[in-house]
Amino acid sequence: MTKIKAVITNAPDGGVSVKTIDAERSNYKVLLSPIYTGVCGTDRGIVSSSLKFAYNPEGYDYLILGHESICEVLDSKVPEFKAGDLVVPVVRRPGDCVNCRIGRQDNCSDGKKHEAGITGMHGFMQQTFADDPEFLVKVEDKSLKEVGVLTEPLKNVLKAFEVFDTVSKRAVFHGKDSTVLGKNVVVIGTGCEAFLYTMMSRELSFNALMVNRHPLSEKIMKIFGDLGLRFVNYAEEPESQFSAGIDLLIDTSGDPTTVFNFLRKVNYNGVVILFGTNGKAPPGAFTGADIDYIVERNITIAGTVDAAKKHYIQATEYLTKWHALYGEKLENVITEKFPPENTAIFTSRQKDEIKSVIEWK
Ligand code: DN4
Ligand code: BGC
Ligand code: ZN
């Protein structure tokens, strides 16, 4: 048994804290230590209990947090990995349904999958942990030691674009030149996932715009501006910003009122991707006229969660490309690094935050 530090929640005394636990670390295939672990809306939802689906692993009265991680291999007993490799562990672990059995536990059909740091499985916010090679994605580019922590949130975006590709085929979505040039994506929200959706939309040649209901700080405007990303404060900007309509609407806010306000601007054969979740959002008014609008325009609304291992691999490839293009400008998206003991970061978004991470020394 070794004593290790872990960030835990869901214990009988509530909240979030750092606990020293006894851990068995002699029987492993790959032994890992985290370099950075990201904190996101999901972690905060678990800690505040607004996300009702989180639960502790069997036999435990607490849950070790952490699902966004970049780790170093400490030791490996399998040929695929060696000490010093950079890896990202996969969040979702398969149950026994047909989707889980083909490596698509992101589309689990009976809810019996588990998610590290979320549902029934300890997460990656612990000084060392063991994992199976099947659930590890190698990050070949060693310069991604920092931004590699964005692999996990970016994999969700890649799956969402796969969903978009599938559902947009019901009618011709592309332009006459076979591209999406001139097609408009609006991303609701300005957090890390919204940022990654906007980067990816632009990568795919869409016109991409991030929106929020308030102005952004100078610091965040500069980070987005340096990366050439566009933002509109919809509470102040004129409607003309959206006069060409929206071809693909992506929501990261989980706010029904905002989603339906923007949905009313979606073009014929448009697609709406619902991604943000917010159990505490006030109900929105959804009318018969809204149903008419959606029906008459063949609008597709698709929810999407998680992603498959192939999306993690694609995410490392895009991060390698973007890091080579933007360097420090991309690194600035990691807006602050905290020690594990700073548990206040789990209670609310930090000022000027895009991605806050825990740094494991
Ligand atoms: P986040 O950093 O909390 O981002 C949420 C963003 O939505 C913030 O920028 C909010 O702005 C913004 N927002 C809230 N209300 C509105 C509104 N009415 N109009 C415009 N913007 C608004 O969280 P994240 O980026 O880590 O994740 C985004 C969401 O996706 C969360 O709800 C996660 O639970 C969910 N998520 C889903 C999956 C999945 O389906 C994976 C990861 C995350 P402000 O209020 O902070 O200014 O697999
Ligand atoms: C993770 C997903 C997970 C989801 C659960 C997200 O933060 O990125 O992998 O499925 O939370 O809602
Ligand atoms: Zn997350």
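Leaving aside its neighbours within four places in sequence, with which residues is Thr 151 in contact? In this predicted model, Thr 151 touches Val 88, Tyr 312, Ala 315, Thr 316 and Leu 319, where contact means heavy atoms within 4.5 Å. The model is predicted, so to speak of local features a pLDDT of at least 70 is needed, side-chain atom pairs count only at pLDDT 80 or more, and totals for chains, interfaces and linings use all residues. Residues are numbered from 1 along each chain as its sequence is written, chains are lettered from A and ligands numbered from 1 in the order in which they are written, and side-chain values use heavy atoms, with hydrogens and water left out.

Thr 151 is placed in helix 3; helices (H or I, at least four residues) and strands (E, at least two) are DSSP runs, numbered from the N terminus. With a relative accessibility of 0%, Thr 151 is classed as buried; buried means under 20% relative accessible area, exposed over 50%, and partly exposed in between, with a 1.4 Å probe and protein chains only. A separation of 8.2 Å lies between the C-alpha atoms of Thr 151 and Ile 70, which are 81 residues apart along the chain.

Helix 3 (residues 151–167) also meets helix 8 (residues 309–326): their axes come within 8 Å and cross at roughly 110°. Axes here are lines fitted to C-alpha atoms, for helices over the stretch in contact, and angles run from 0 to 180 degrees between N-to-C directions. The crossing of helix 3 past helix 8 is right-handed, that is, the near helix is turned clockwise from the far one by less than a right angle, with anticlockwise giving left-handed. On the helix 3 side, the residues involved include Thr 151, Leu 154 and Leu 158, and among those they meet in helix 8 are Tyr 312, Ala 315 and Trp 322. Sorted by class, this contact of helix 3 with helix 8 has 7 nonpolar, 4 polar and 5 charged residues.

Helix 3 also lies across strand 15 (246–251), strand 16 (266–274) and strand 17, running at about 145° to strand 16. These strands bring us to an open sheet of 6 strands in the order 14-13-12-15-16-17, with parallel pairing; two strands pair if DSSP finds at least two bridges between them. Strand 14 (231–233) and strand 17 (300–303) stand at the edges with a single partner strand each, so one side of each has no neighbour in the sheet. From one strand to the next, the twist averages 20°. Strand 13 (residues 207–212) pairs with strand 14 in the parallel sense over 3 bridges, and Val 211 has Val 232 in strand 14 as its bridge partner.

Another open sheet has 3 strands in the order 7-8-9, with mixed pairing. Strand 7 and strand 8 (residues 114–116) pair in the antiparallel sense over 2 bridges, and Arg 92 stands opposite Glu 115 in strand 8.

Asn 10 sits in the loop between strand 1 (2–9) and strand 2 (16–23) and is partly exposed at 28% relative accessibility.

Conventions: Ala, Val, Leu, Ile, Met, Phe, Trp, Tyr, Cys and Pro count as nonpolar, Asp, Glu, Lys and Arg as charged, and the others, Gly among them, as polar.
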